[in-house]
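Please consult the sequence and the structure while reading.

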Amino acid sequence: MSTSLPEHAIDRLQDRLERLPLRERKKLKTRRAIQDHALRLFVEQGYDETTVEQIAEAAEISPSTFFRYFPTKEDVVITDEYDPIMAEIFRAQPAGAGVIDALRATFREILPQMLAGDMDTVIARMRLTAQVPALRARTTESLREGTHAVLKEIVAERTGRPADDLDVEAFTWALLGVLQAAMYAWLDGKVEIENLPGLIDHNLELVARGFPL
């Protein structure tokens with residue numbers, strides 16, 4: 001799949017950020033700077049070998065400021081701003097579109113944008129998450145608190161069910177499963193990074209067809 005975006009989707013993340021109050025934009029800029037320095041150090045010298053103090057020094061902040069933006073060292077790897085953007089794009093899909101069709105359209109839009117704009121960051125985060133046990137454990141917690149919670153909310157809205165519906169719960173975990181399957185296919189060298197959006201789309205279509213094998 002090409003990493004080019006349709007005209008209406010270009011810079012959607014930037015457009016959304018520009019609508020934030022100045023204070024929030026400044027906080028986001030600082031958070032991204034901290035994350036950039038952290039990922040660079042993790043790649044250069046290893047995750048376990050890099051301390052919060054070193055990250056803070058590189059970002060020219062104090063360790064206490066680091067912890068105001070990231071509760072733990074693990075969070076500096078797994079945190080991003082894409083869940084709210086995903087929800088926004090999903091909610092903009094035609095009212096008559098089913099959940100899977102709306103999700104496929106959403107990921108067709110947001111995934112190429114992520115790769116085109118943040119390729120190095122996406123790759124570094126995925127590799128670190130797969131390689132570092134502490135990050136894998138924190139990612140599981142973060143998925144439940146973040147992406148899974150957002151998916152539950154938007155799926156429940158579109159289906160007219162409560163967010164705590166057990167079928168909605170199971171369905172959204174299944175969605176996360178096929179997303180992670182695509183990620184590990186890339187990590188295992190089975191697909192190129194630029195083909196990842198296409199594999200995710202295929203996996204979602206497989207869900208819609210009930211996983212016929």
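The model is predicted, so local features require pLDDT of at least 70 and side-chain atom pairs count only at pLDDT 80 or more, while totals for chains, interfaces and linings use all residues. Residues are numbered from 1 along each chain as its sequence is written, and side-chain values use heavy atoms, with hydrogens and water left out.

**Helix pairs**

Two packed helices are described by the angle between their axes and the distance between the axes. Axes here are lines fitted to C-alpha atoms, for helices over the stretch in contact, with angles from 0 to 180 degrees between N-to-C directions. Helices are DSSP runs (H or I, at least four residues) numbered from the N terminus.

| Pair | Axes come within | Crossing angle |
|---|---|---|
| H2 (residues 22-45) and H3 (residues 52-59) | 9 Å | roughly 125 degrees |
| H10 (residues 166-187) and H11 | 9 Å | roughly 145 degrees |
| H8 (residues 133-145) and H9 | 3 Å | roughly 25 degrees |

Angles under 35 degrees count as roughly parallel, over 145 as roughly antiparallel, 65 to 115 as roughly perpendicular and the rest as oblique. H2 and H3 are therefore oblique to each other, whereas H8 and H9 are roughly parallel.

A crossing is right-handed if the near helix is turned clockwise from the far one by less than a right angle, and left-handed if anticlockwise. The crossing of H2 and H3 is right-handed, and H10 likewise passes H11 in a right-handed crossing.

Contact means heavy atoms within 4.5 Å. For classes, Ala, Val, Leu, Ile, Met, Phe, Trp, Tyr, Cys and Pro count as nonpolar, Asp, Glu, Lys and Arg as charged, and the others, Gly among them, as polar.

On the H2 side, Ile 34, His 37, Ala 38, Arg 40, Leu 41, Phe 42 and Gln 45 meet Gln 54, Ile 55, Ala 58 and Ala 59 of H3. These residues comprise seven nonpolar, three polar and one charged.

H10 contributes residues including Phe 171, Leu 175, Met 183 and Trp 186 to its contact with H11, where Leu 196, Ile 200 and Val 207 are among the partners. This contact of H10 with H11 has 14 nonpolar residues, one polar and no charged ones.

**Helices H9 and H11**

The expected span of a helix is 1.5 Å times one less than its number of residues. H11 (residues 196-208) has 13 residues and reaches 19 Å from first to last C-alpha, close to the expected 18 Å. H9 (residues 147-159) also has 13 residues, and its reach of 18 Å is close to the expected 18 Å.

Buried means under 20% relative accessible area, exposed over 50%, and partly exposed in between (1.4 Å probe, protein chains only). Buried residues of H11 include Pro 197, Asp 201 and Asn 203; those of H9 include His 148, Leu 151 and Lys 152.

**Two residues of H10**

Leu 176 lies in H10 and is buried, with a relative accessible area of 4%. Not counting residues up to four places away in sequence, Leu 176 touches Leu 143, Thr 147, His 148 and Leu 151. Its C-alpha is separated by 8.4 Å from that of Thr 147, 29 residues apart along the chain.

Glu 169 is also placed in H10 and counts as partly exposed at 22% relative accessibility. Glu 169 and Ala 156 are 13 residues apart in sequence and 9.3 Å apart, C-alpha to C-alpha.
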